[in-house]
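Hi everyone, thanks for having me. Please take a look at the sequence and the structure on the screen, and then we'll walk through a few spots together.

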Amino acid sequence: MAKTKTSSAVKQRYNEKAYDRLAITIPKGRKAIVETCAATKDESINGMVNRLLRIELGLSEEDWKRTDDATGGT
């Protein structure tokens, strides 16, 4: 089945409702090492950043995914 603009729009609406977005900036020339680090752990960069933030905030995976707790673990 071919993807349609409608299915993309539906996904975009869901993502806007379910997720917040962050943009990170890193020093020039560090992108490749970050990509390699994530790949060696079988993760995307987004997954790696989420894992590191979750650990830093002292949250379990379940707590991290829960949307009713905006205060975090600090």
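Let's begin with a term: a pocket here is an open set of grid points with protein on both sides within 12 Å along at least five of seven lines, and its lining residues have an atom within 4 Å of a point. Keep in mind that this is a predicted model.

So, which residues line the second largest pocket? They are Ile-24, Ile-26, Lys-31, Val-34, Ile-45, Met-48, Val-49 and Leu-52. Two elements, α2 (31-40) and α3, each give two or more residues to that lining. Helix α3 provides the largest share, four residues. The space in this pocket comes to about 180 Å³.

Let's stay with α3, which covers residues 45-57. Just past the helix, Gly-58 has a positive phi of about 70°.

Arg-54 also sits in α3. Is Arg-54 buried or exposed? It is buried, yet it has no salt bridge. The nearest side chain of opposite charge belongs to Glu-61, 4.3 Å away, while a salt bridge needs the charged atoms within 4 Å. Setting aside neighbours within four places in sequence, Arg-54 contacts Leu-59, Ser-60, Glu-61 and Trp-64.

Last stop: Ala-18, in helix α1 (residues 5-18). Ala-18 has a relative accessible area of 29%, so we call it partly exposed. Its C-alpha atom is 8.2 Å from that of Thr-67, although 49 residues separate them along the chain.

Technical notes:
Residues numbered from 1 in each chain as written. Predicted model: local features only at pLDDT ≥ 70, side-chain atom pairs only at ≥ 80, totals over all residues. Heavy atoms only, no water. Buried < 20%, exposed > 50% of the residue type's maximum accessible area, 1.4 Å probe, protein only. Lys, Arg positive; Asp, Glu negative; His and termini not counted. Contact = heavy atoms within 4.5 Å. 1 Å grid on protein atoms, 1.4 Å probe; cavity = no way out; pocket = protein on both sides within 12 Å on 5 of 7 lines; lining within 4 Å. Points joined across faces, edges and corners; volume = space filled by probe spheres on them.
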